[in-house]
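This report covers a pocket, a helix, an aromatic pair and some backbone angles. Please keep the sequence and the model in view while reading.

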Amino acid sequence: MPIAAKLVANLLESAGATRIITMDLHADQIQGFFERPVDHLYASTIFLPHLHSLGLENLCMASPDMGGSKRAYAYSKYLNSDVVICYKQRKKANVIETMELIGEVKGKNVILVDDMVDTAGTLVKAAEIMKERGAISVRAVATHGLLSGGAYERIEKSELEELIITDSIPLKQESPKIKVLSCADLFAEVMHRVHENNSISSKFIM
């Protein structure tokens with residue numbers, strides 16, 4: 001991952017890029033691989049207003065793993081909600097051996113927050129456990145929808161009410177459980193402000 005990220009950074013700069021605009025990098029440290037200025041945007045700017053518009057009561061933000069706890073806490077601060085964390089151990093890549101839930105979800109509407117969803121195994125398992133523990137509903141938001149392997153089938157058969165993603169990666173197929181929010185306006189506005197030498201700080205909710 002670090003080697004590939006550095007290679008992409010070198011390729012972009014060799015091609016003549018003088019400024020980089022990204023969204024929800026898998027690791028914040030990737031910004032340091034660039035020699036040019038980097039504006040690292042967050043999909044929370046898109047997701048949080050949408051989640052607020054749902055009007056869900058007894059809201060609880062959740063991280064599907066320990067690494068995403070910072071993101072879940074940031075969302076919970078904006079939405080004034082509780083937080084729970086999933087602790088998972090993998091048998092091998094994309095195969096979960098065990099998963100435990102840290103926190104209480106009984107009677108709550110849960111929102112799982114992640115930066116990307118690949119095979120959807122983690123989200124589906126987390127939703128299943130939360131429903132077993134008494135959650136009223138479980139939704140998920142993920143910036144980048146890779147959705148490889150049997151992800152679509154897993155999501156449609158899962159306890160997830162809905163998976164909300166951006167269009168940073170085009171959907172391979174439609175699904176009644178997947179809602180796509182466009183990131184085009186966010187990038188367009190930031191690029192316009194950069195060219196006009198205006199501040200982009202208002203585009204950072206968290």
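## An aromatic pair

Phenylalanine 204 is partly exposed, with a relative accessible area of 28%. Here buried means under 20% relative accessible area, exposed over 50%, and partly exposed in between, using a 1.4 Å probe and protein chains only. Tyrosine 42 is also partly exposed, at 23%.

The model is predicted: local features need pLDDT of at least 70, side-chain atom pairs count only at pLDDT 80 or more, and totals for chains, interfaces and linings use all residues. Residues are numbered from 1 along each chain as its sequence is written, and side-chain values use heavy atoms, with hydrogens and water left out.

How many aromatic pairs does a search of the whole structure find? The search finds one. The rings of tyrosine 42 and phenylalanine 204 have centres 6.3 Å apart and planes at 75°, so the pair is edge-to-face. Rings of Phe, Tyr and Trp (its six-membered ring) pair if their centres lie within 6.5 Å; planes under 30 degrees apart count as stacked, over 60 as edge-to-face and the rest as tilted. Tyrosine 42 sits in the loop between β2 (38–41) and α2 (44–53), and phenylalanine 204 in the segment after α6 (184–195), so the pair ties together parts that are 162 residues apart in sequence. Helices (H or I, at least four residues) and strands (E, at least two) are DSSP runs, numbered from the N terminus.

## The second largest pocket

About 290 Å³ of space lies in the second largest pocket. Of its 14 lining residues, the closest to the centre are Met23, Asp24, His144, Ser168 and Ile169. A pocket is an open set of points on a 1 Å grid over the protein atoms alone, where a 1.4 Å probe fits, with protein on both sides within 12 Å along at least five of seven lines; lining residues have an atom within 4 Å of a point. The volume is the space filled by probe spheres set on the points, which are joined across faces, edges and corners.

Strand β1 gives the largest share of this pocket's lining, three residues. The lining divides into eight nonpolar, four polar and two charged residues. Ala, Val, Leu, Ile, Met, Phe, Trp, Tyr, Cys and Pro count as nonpolar, Asp, Glu, Lys and Arg as charged, and the others, Gly among them, as polar. Domain 1 (1–41) and domain 2 (43–184) each supply at least three lining residues. The domain bounds come from an automatic or database domain assignment.

## Helix α4

Helix α4 (residues 121–132) has 12 residues. From first C-alpha to last, α4 reaches 17 Å, close to the 16 Å expected at 1.5 Å a residue. The expected span is 1.5 Å times one less than the number of residues.

Buried residues of α4 include Leu123, Val124, Ile129 and Met130. Glycine 121, in α4, is partly exposed at 25% relative accessibility. Glycine 121 and glycine 150 are 29 residues apart in sequence and 9.1 Å apart in space, C-alpha to C-alpha. Glycine 134 follows α4, and its phi is positive, near 100°.

Most residues other than glycine have a negative phi. Asparagine 58 has a positive phi near 50°. Asparagine 58 lies in the loop between α2 and β3 (59–63) and is partly exposed at 48%.

Asparagine 197 has a positive phi of about 60°. Asparagine 197 is in the segment after α6 and is exposed, with a relative accessible area of 72%.
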